[in-house]
Amino acid sequence: MDHPPSYVLENVSVDFPIYSSDSRTIRKSMLGAAIPTRRMEAQQGIHVVRALRNISLTIETGSSLGLIGFNGAGKSTLLKVLAGVLEPTRGQIARHGSVNALLNIGAGMSGDLTGEENIRRVGLLRGFSTAEINTKLPEIVAFADIGEFIHLPVRTYSSGMRMRLSFAIATAKIPDILLIDEVFNAGDSAFRNRASKRIKTLIADAKTFVLSSHSKDILMEFCKKCIYLEEGRIKTQGSMDSVMTEYGQDIKKRS
């Protein structure tokens with residue numbers, strides 16, 4: 001193999017502790033989140049949501065992988081683990097390559113800073129060097145298309161303007177690995193068209209990408225393989241046709 005796989009996951013599980021209101025204060029609950037799972041299960045008033053269960057998976061470099069499943073299946077949690085936003089409760093994950101995760105694209109933006117200042121701030125948080133930010137700044141400003149507002153505090157922006165700026169920053173750099181949670185669908189039609197073209201360019205140029213969506217058509221368009229998640233487990237994986245056939249059958253059973 002010329003290149004290592006983008007990801008290797010071994011028995012990855014993610015648990016979220018849920019504390020009842022009468023068991024402890026919010027502050028104590030937050031501090032108690034570091035308690036190992038076995039101890040959490042043993043304490044009264046604490047429940048554990050198992051978001052992912054023993055996921056073992058290798059994502060080869062060059063893969064185009066789709067994630068599908070009903071609400072609560074674990075798709076977004078798995079993407080967060082792949083992005084490094086969440087660490088597994090149990091199991092191991094190895095990553096190889098730079099990652100751009102289009103999950104919460106507005107993260108890190110400050111309402112008190114101007115648009116340009118936020119480009120520099122969020123760019124650094126996303127791993128851009130200062131030189132890269134300076135080079136890409138004109139392109140980001142042009143793509144966001146918010147005019148003179150770029151020099152005003154972000155708190156003065158409409159939600160659409162803030163979204164356009166966030167998206168322009170998040171997609172300014174082509175990564176080795178691209179992770180997308182659903183398809184960007186905000187703003188006016190003109191911007192949605194530009195955003196769609198930008199995403200297609202990122203997908204074409206990234207070495208590996210993983211796309212989560214409820215849309216069969218979108219997954220079929222962009223992905224060659226698919227994983228069907230159910231209750232935090234991999235129910236099936238393989239070619240798009242085989243996985244979508246099984247998923248479609250389960251939709252009929254639920255209707």
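**Salt bridges and cysteines in a predicted model**

The side chains of D250 and K235 form a salt bridge, with N and O 2.6 Å apart; a salt bridge here is a side-chain nitrogen of Lys or Arg within 4 Å of a carboxyl oxygen of Asp or Glu. D250 belongs to helix α9 (residues 240-254) and K235 to strand β9 (residues 233-239), so the contact ties together parts that are 15 residues apart in sequence. The model is predicted, so local features need pLDDT of at least 70 and side-chain atom pairs count only at pLDDT 80 or more, while totals for chains, interfaces and linings use all residues. Residues are numbered from 1 along each chain as its sequence is written, and side-chain values use heavy atoms, with hydrogens and water left out.

- Helices (H or I, at least four residues) and strands (E, at least two) are DSSP runs, numbered from the N terminus.
- D250 is buried, with a relative accessibility of 8%; buried means under 20% relative accessible area, exposed over 50%, and partly exposed in between (1.4 Å probe, protein chains only).
- K235 is partly exposed, at 34% relative accessible area.
- D250 also pairs with K253 in a salt bridge, at 3.8 Å from N to O.
- Both D250 and K253 sit in helix α9, three residues apart, which is about one turn of the helix.
- K253 is exposed, with a relative accessible area of 67%.
- A network of salt bridges links E230, K235, D250 and K253.

**Salt bridges elsewhere**

- The structure holds 11 salt bridges.
- One of them joins R90 and D15, whose closest N and O atoms are 2.8 Å apart.
- This pair links distant parts of the chain, with R90 in strand β4 (residues 90-95) and D15 in strand β1 (residues 7-19), 75 residues apart.
- D15 is buried, at 7% relative accessible area, whereas R90 is partly exposed, at 35%.
- Side chains of opposite charge can pair when their charged atoms come close.

**Cysteines**

- A search of the whole structure finds zero disulfides, a disulfide being a pair of cysteine sulfur atoms within 2.5 Å.
- For C223, the closest cysteine sulfur is that of C226, 6.8 Å away, which is too far for a bond.
- Seen from C226, the closest cysteine sulfur is in C223, at 6.8 Å.
- C223 is buried, with a relative accessible area of 6%.
- C226 is buried as well, at 1%.
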